Amino acid sequence: MAIELEQQPKPSAAAVALSRIAVSETHGEDSPYFAGWKAYDENPYDELTNPTGVIQMGLAENQVSFDLLEDFLEHHSEAATWGKGATAGFRDNALFQDYHGLKSFRGAMASFMEQIRGGRARFDPDRIVLTAGATAANELLTFILANPGDALLIPTPYYPGFDRDLRWRTGVQIVPIHCHSSNNFQITESALHAAYDDAVSRNLNVRGVLVTNPSNPLGATVQRAALEQILDFAVEKNIHLVSDEIYSGSTFSSAEFVSIAEILESRGSRHVDRERVHIVYSLSKDLGLPGFRVGTIYSYNDAVVTTARRMSSFTLISSQTQHLLACMLSDKEFTAKYIKTNRERLRKRYDVIIAGLRRAGIECLRGNAGLFCWMNLGPLLKELTKEGELALWNLIVRDVRLNISPGSSCHCSEPGWFRVCFANMSEATLDVALDRLHQFVDEYRRTGSS
Amino acid sequence: MTRSPEPDENSKPTSNIGGGGGGVTTAMRVIIPLQGVVQGRGGVFLGSVIPCALFYFLQLYLRRNRDDPRESDDRSNPQNSEPRDDSGSSGQQLAEIHGFHRTSSRNLLSPRSPAGRAYVSGRASVIAKSPGGSESPYYAGLRKASEDPYDETGNPNGIIQLGLAQNKLTMDLVKEWLVKHATEAIVGGGGDDGDDEHLSINGVSTYQPCDGLMDLKVAVSSFMSQCMEHSVSFDPSNMVLTAGETPAIEILAFSLADAGNAFLVPTPYYPGFDRDVKWRTGVEIIPVPCRSADNFALSITSLDRAFNQAKKRGLRVRGVLISNPTSPVGNLLTRETVYSILDFARDKNIHVVSNELFVGSSHGRADEEFVSIAELVDEVDKERLHLAYGLSKDISLPGFRVGVIYSFNDTVLSAARHLTRFSPVSGPTQHLLIAMLSDVQFVQEFVKVNRERLRRTFDAFAGGLKKMGIDCAESNGGFFCWANMSEWISSYSEKGELELWDKLLKTGKVSVTPGSCCHCIEPGWFRFCFATLTEREIPVVLERIRGVAESCKSQS
């Protein structure tokens, strides 16, 4: 995503004061994750006009299935124009700013989410709260579930944006649940307890666990057993469980994704267990429509649904967009075809990149979902430290001209891991990137430097 | 029929005894009969009891008139506005969220106690609490209005909604434009590509800067300038776009003040400010009362007094939030006033936020000029000036969610740009609006016709009210008649006002907004939104209001 990176401007002399939030660094955009963006923005790759530019591999965007969307819109222009000749539908739509959201859209979202889970879970449209993106959904939930100074437990490695989205205005803290490559970065019971105890020892009130499933940056689904354990843990500690499932439709095979919703349904859970569970979803990844800004909170907790709905006043989705998407997502034939095709194409891409990296002697974590792979360059590091990782990363951005994301930005406890996105470019560009990397690695191994 | 959406403009009326106005009148009503008692009858006993009673009332009056926002907030806003909740079953209250809010924990357990219900935050718990199942009067009103909406032929006895700040007078123009242009505006050509007729989603759907496309900023800048009759031009690089004016105001509150700080806001004010400025930020509002005697104009003396009172309470004031045109009254601030406010802000070293939401809907006399805060661009310390705007009112597209922050302060702009990630404008909507607002001819025509229709409707409606003896404040802009019905309320108090409001709703079948929602210190004022009325509906609604007014007269 294109983020404007500016130096913090110096306030003028005798300046009128601003809030702590306005001047704080919590927007986190000084980290390498965002510095890589800058390099790309200044010298973006283009197949024809700038073939030596920086290739953007740090953007988790799904461009592999655009043609399907375009096709739909071409044959269903009424979706964009409120029906033939834009009649009565338009007027109500343009005036509509009810935070309940268009009923037809909520219904369509619920059924889309069900389809993604192969019908293994049911979603009630009245529990869906709409927000302008998953970023907003995550922040909103944090405002609702925790007070300033409280803590959320999040397994590492995690999406760098969480540092900003969950902490900045809310004043809430993140305590990491450390995961390791020895067991493929799975979340373990002992890690959960260790994180909780760590928070307690720092006098922090833990309010919940936030799990991203499928995981960003790992590109892998969370196993059923782990989900059960996490839910048990949340019940034991009487805290919330937020499951960020924005990549659920990007799992390469439907069967491999287990949603927390399925776990709840299979347990026939008591109300007291359910009402701590909340799911975040969005159309930015699965449907490749980040520009539309569509996110949702699905909560099993009535108080949370009511509050979230009211708070969503700050982040409503344009009624025009709701209408358009309601038309699209109600077309079950289209959505079934889209979901299936999208999965296949992502898997194919994944296979290409894995094969390409393997040829270069680079191993990745075994992944089954998402728009990226989790690559291990540990063997290449001069020193197995964060500094070593950043040194290598700098080299790759500067000389190889690939913007990839270093694991340290994701708070990974082991240096040397990198997230590499593969779905935001053409196949040709991916090949170019793989070639460059291959060359670099060969050179690096040979000479011990580049 | 689609349920009428609720705009950001409404708040629940309070059910508590109201402010200073009541106190004064009470005192007056006590003193006059006293003369007779003290001079002749009653003697020593009454001669001592009555002064004590007077003294008591005086204390009461002084305490109420001290304008203690926390107290008055607690009293007058146990149920803060969440205007768009049209859920019939919602009897749920929203309490004021102060900076020092204590969580009500009756139904919540600490997370350390196992097998308890999962905790929700302070912000959430007060909202979720359902008080004994009774529905608040305001939502009862909105629910009734949406369940029983007036329709000339289908439901002539239904409720006419004058409580929503919507403008339906010019929807036909917008619709016409959309019929002609919508498709290619949204997905055509990916932007500048004139010859590419192929539907392209690429430019619309990918990640864009959160604070809005530059093309849209350019288009909005020119639209705003048009609305202000080109008295000022806007630089798109000083602009940040977000999903409505609601988040625009909140982002400014987050950026200019810390939790526990305060903004001065002249009353009566738009009820939604209570939510936008205070809810998640923990920032307070200190109301600065304005009076009907001055047509609710803001006096610097009042501003100063409010500032000092805040200081005494240990509250740090970070800025003044003004609206121009004012809402609900509809005044334009004079040039002199705008400059005085700037002087005041400079003197106290605080910010000025000018909410100019209705500027394109100003319909007053031609000789009244509109002075935008953006005109003060030549001022030396313009870092304290910020403007909030939105497209909900002036071009009648509240559903599309477009709000504007315009500032001369680079740090604020930088923070705002990052913060809009939580409330960005949707891609397809941006493209649609770029096309619409860049259509100069359409915009010119629209603004002109909109103003004419608003003025005509205002004149007809206010004129009709005047005929029955209901005076409206002089108004130059917006969708409202701010009407004085204090003669018709049973007691000169908030209670009396709410009784009349209730009567208008249940008997008159007219839904309006009582002045207490807007924190007006004088009871009996009501906000009528006339911009939802067709010409034929005006006499119908006037007749109903007359009916209620007559019945009140005959009762008193």
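User: Which residues of helix α10 (residues 260–267) of chain A are buried?

Analyst: Buried means under 20% relative accessible area, exposed over 50% and partly exposed in between, with a 1.4 Å probe and protein chains only. Helices (H or I, at least four residues) and strands (E, at least two) are DSSP runs, numbered from the N terminus. In α10(A), the buried residues are Ile260(A), Ala261(A), Glu262(A), Ile263(A) and Leu264(A). This is a predicted model, in which local features need pLDDT of at least 70 and side-chain atom pairs count only at pLDDT 80 or more, while totals for chains, interfaces and linings use all residues. Residues are numbered from 1 along each chain as its sequence is written, chains are lettered from A and ligands numbered from 1 in the order in which they are written, and side-chain values use heavy atoms, with hydrogens and water left out.

User: What covers the buried residues of α10(A), and what caps its N-terminal end?

Analyst: Contact means heavy atoms within 4.5 Å. The cover includes α9 (224–237), β6 (240–244), α11 (271–274) and β7 (277–282) of chain A. A polar contact is a pair of N or O atoms within 3.5 Å; within protein, one must be able to donate a hydrogen and the other to accept it, and residues adjacent in sequence count only if both atoms are side-chain atoms. The cap of α10(A) is Ser259(A), with a side-chain oxygen 3.0 Å from the backbone nitrogen of Ala261(A). Just after α10(A), Gly268(A) has a positive phi of about 55°.

User: Which residues other than glycine have a positive phi, and are they buried or exposed?

Analyst: Most residues other than glycine have a negative phi, and most peptide bonds are trans. Asn203(A) has a positive phi near 60° and lies in the loop between α8 (189–201) and β5 (206–212) of chain A. Asn203(A) is exposed, at 71% relative accessible area. Asn238(A) has a positive phi near 55° and lies in the loop between α9 and β6 of chain A. Asn238(A) is buried, at 2% relative accessibility.

User: Where are cis peptide bonds found?

Analyst: The bond from Thr156(A) to Pro157(A) is cis, with omega near -5°. Pro157(A) belongs to the loop between β3 (151–155) and α7 (161–165) of chain A. In chain B, a cis bond joins Thr267(B) and Pro268(B), with omega about -5°. Pro268(B) is in the loop between β3 (262–266) and α10 (273–278) of chain B.

User: In what order do the four strands of the open sheet in chain B stand?

Analyst: The order is β9-β10-β13-β12, with antiparallel pairing. The edges are β9 (471–472) and β12 (513–514) of chain B, each with a single partner strand, so one side of each has no neighbour in the sheet. Strands β12(B) and β13 (residues 525–529) of chain B pair over two bridges, and Thr513(B) has Arg527(B) as its bridge partner in β13(B).

User: At what angle do the axes of helices α3 (residues 66–75) and α13 (residues 319–330) of chain A cross?

Analyst: Axes are lines fitted to C-alpha atoms, for helices over the stretch in contact, and angles run from 0 to 180 degrees between N-to-C directions. These two axes come within 11 Å and cross at roughly 105°. Angles under 35 degrees count as roughly parallel, over 145 as roughly antiparallel, 65 to 115 as roughly perpendicular and the rest as oblique. Helix α3(A) is therefore roughly perpendicular to α13(A). The contact is made by Leu69(A), Phe72(A) and Leu73(A) of α3(A) with Leu324(A), Cys327(A) and Met328(A) of α13(A).

How values were computed: Pairing = 2+ DSSP bridges.
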